[in-house]
Amino acid sequence: MRPMIHVQPAQEMRVDFAVWAVAQTPKIRTVSTNSFAVPPRLFVEVPEEILIGALVNGHRYVSPDEDAATGQPPPGTPPAPAPGSPEADAAAMVAATSPETVQAAMDAALLAVDLAALNAGGDEPGSELPAGGDNPATPEEQPDGVFLCPGCPKEFTTARGRDTHARQVHPTGRE
């Protein structure tokens, strides 16, 4: 038996779906009083407007048109950050500038870190970074491709990963 996609159109679209179904060659079969068995090759040709609100194989069909009309992001899109949050500020900055400008701003912010604040820190997340940290290794002693956090014993494979960790786990009071 060939696999079929079971479509139960929304009540207000049943007549329109039936009109479409009987116009197909061969005609689309009904499997109940309100459900149709559509071959997969024909399912991609079903008009979008008659699928909105339908159940397809037991799952509600949601079209991109419906998402746009309700203001919902498409499936798989991460939720938008809360307004005023650091994530929203970063997203606005990225949207308004080129990647090079963003990187330059991040580099400038890192260079502007007050070294005295770094020397006064503690070991808890959220405290300032200590000067030498828990990593006594000097750059000469570090193996190639290993980037040590100056505030804790974590190792990273990239400088970017280390710097991101340091900003998130060991904030320096920049705001």
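# Close-up views of the predicted model

**Asparagine 57 is partly exposed, with a relative accessible area of 43%.** Here, partly exposed falls between buried (under 20% relative accessible area) and exposed (over 50%), using a 1.4 Å probe and protein chains only. This is a predicted model, so to speak of a local feature takes a pLDDT of at least 70 and side-chain atom pairs count only at pLDDT 80 or more, while totals for chains, interfaces and linings use all residues. Residues are numbered from 1 along each chain as its sequence is written, and side-chain values use heavy atoms, with hydrogens and water left out. Back to the residue in view: asparagine 57 sits in the loop between S4 and S5. Its phi is near 50°, a positive value in a residue other than glycine. Most residues other than glycine have a negative phi, and most peptide bonds are trans.

**The whole chain has eight helices and seven strands.** Both kinds of element are DSSP runs numbered from the N terminus: helices are H or I with at least four residues, strands are E with at least two. Of the 175 residues, 25% count as buried. The accessible surface comes to about 11,900 Å², and 59% of that belongs to carbon and sulfur atoms. Those areas come from the Shrake-Rupley method with a 1.4 Å probe, and for residues only the protein chains shown count as cover. What about contacts (heavy atoms within 4.5 Å)? Among those in the chain with a separation of 6 or more, 38% are between residues 24 or more positions apart.

**Five strands make an open sheet, in the order S2-S3-S1-S4-S5, with antiparallel pairing.** Strand S2 (29–32) and strand S5 (59–60) stand at the edges with a single partner strand each, so one side of each has no neighbour in the sheet. Two strands count as paired if DSSP finds at least two bridges between them. Strand S4 (residues 55–56) pairs with S5 over two bridges, in the antiparallel sense. Look for leucine 55, which stands opposite arginine 60 in S5. Helix H1 (residues 14–22) packs on this sheet, touching strand S1 (5–8) and strand S3 (35–38), and its direction makes about 35° with that of S3. Such angles run from 0 to 180 degrees between N-to-C directions, with axes fitted as lines to C-alpha atoms, for helices over the stretch in contact.

**Strand S3 is covered on both faces.** In a regular strand the side chains alternate between the two faces of the sheet. In S3, Ser35 and Ala37 lie on one side and Phe36 and Val38 on the other, and all of them are buried. S3 pairs with S1 in the antiparallel sense over three bridges, and phenylalanine 36 is the bridge partner of valine 7. S2 also runs antiparallel to S3, joined by three bridges. There, alanine 37 is the bridge partner of arginine 29. A hairpin takes the chain from S2 to S3 through two residues.

**A cis peptide bond links threonine 25 and proline 26.** Its omega is about -10°.

**Isoleucine 50 belongs to helix H3 (residues 48–51).** Is isoleucine 50 buried or exposed? At 6% relative accessibility, isoleucine 50 counts as buried. Leaving out residues up to four places away in sequence, it touches Met13, Asp16, Phe17 and Trp20. The C-alpha atoms of isoleucine 50 and phenylalanine 17 are separated by 6.0 Å, although the two residues are 33 residues apart along the chain.

A disulfide needs two cysteine sulfur atoms within 2.5 Å, and the structure holds zero of them. Cysteine 152 is in no disulfide either, with the sulfur of cysteine 149 as its nearest. Both count as buried: cysteine 149 at 0% relative accessibility, and cysteine 152 at 11%.

**Histidine 170 lies in the segment after helix H8 (159–169).** With a relative accessibility of 3%, histidine 170 counts as buried. Its side chain makes a polar contact of 3.4 Å with the side chain of histidine 165. A polar contact is a pair of N or O atoms within 3.5 Å; within protein, one must be able to donate a hydrogen and the other to accept it, and residues adjacent in sequence count only if both atoms are side-chain atoms.

Terms used:
Contact = heavy atoms within 4.5 Å.
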